[in-house]
Amino acid sequence: MSSSSPTAEVEVRRSRRRRRTVSAYRDGERIVVLIPATMSKRDEATWVADMVKRIERQERRKLRSDDDLVARAATLNDLYLGGLAVPASVRWVTNQHARWGSCTPGDRTIRLSDRLQQMPSWVVDYVLVHELAHLLEAGHTAEFWAWVDRYPKAEKAKGYLEGFSTGARLEPPPGVDPE
């Protein structure tokens with residue numbers, strides 16, 4: 001059985017061997033909750049909600065560090081930008097409320113809004129690729145977008161960010177641009 005919460009797809013697995021315990025773990029974009037086969041639907045709903053909250057709370061504690069961002073930027077640069085976009089620094093910031101990220105090509109610095117911390121990794125990857133592309137092409141030119149569009153989930157991530165902005169009543173940036 002699968003259902004969906006606002007933050008994650010949830011799969012519930014019932015087990016005849018499981019008597020009283022309930023457990024959960026992350027499997028990619030999905031949270032798997034293991035429950036006894038004899039559990040009532042009402043108890044299932046309560047336990048699933050509780051276990052999803054627990055997993056998400058644990059994940060928030062393991063937020064990506066600046067070092068994680070630097071490493072991920074290097075990987076994405078190699079994968080999609082031919083290793084040409086080498087930033088001097090990549091870090092999380094708390095003062096970006098109207099942008100998802102920013103890049104200063106002159107000093108090769110990239111900053112990502114800490115609001116991205118709660119989003120799926122493929123969305124963070126998109127914003128990183130977007131900002132890395134600014135190291136190759138400062139403006140939002142056709143060449144810039146050609147670099148960004150090398151990231152296979154670019155359109156999906158743009159849609160996610162646009163939907164998030166709409167849901168949060170934020171003004172989406174022009175052109176569904178993460179900046």
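Where in the structure does N77 lie? N77 is part of helix α2, residues 66-80 (helices are DSSP runs of H or I with at least four residues, strands runs of E with at least two, numbered from the N terminus). Keep in mind that this is a predicted model, where local features need pLDDT of at least 70, side-chain atom pairs count only at pLDDT 80 or more, and totals for chains, interfaces and linings use all residues. Residues are numbered from 1 along each chain as its sequence is written, and side-chain values use heavy atoms, with hydrogens and water left out.

N77 counts as buried because its relative accessibility is 4% (buried is under 20% relative accessible area, exposed over 50%, partly exposed in between, with a 1.4 Å probe and protein chains only). Leaving out residues up to four places away in sequence, N77 touches G82, G83, L84, A85, V86 and L132 (contact means heavy atoms within 4.5 Å).

Now for the rings: the structure holds four aromatic pairs (Phe, Tyr and Trp rings, the six-membered one for Trp, with centres within 6.5 Å; planes under 30 degrees apart are stacked, over 60 edge-to-face, the rest tilted).

W122 is buried at 10% relative accessibility, while Y160 is partly exposed at 29%.
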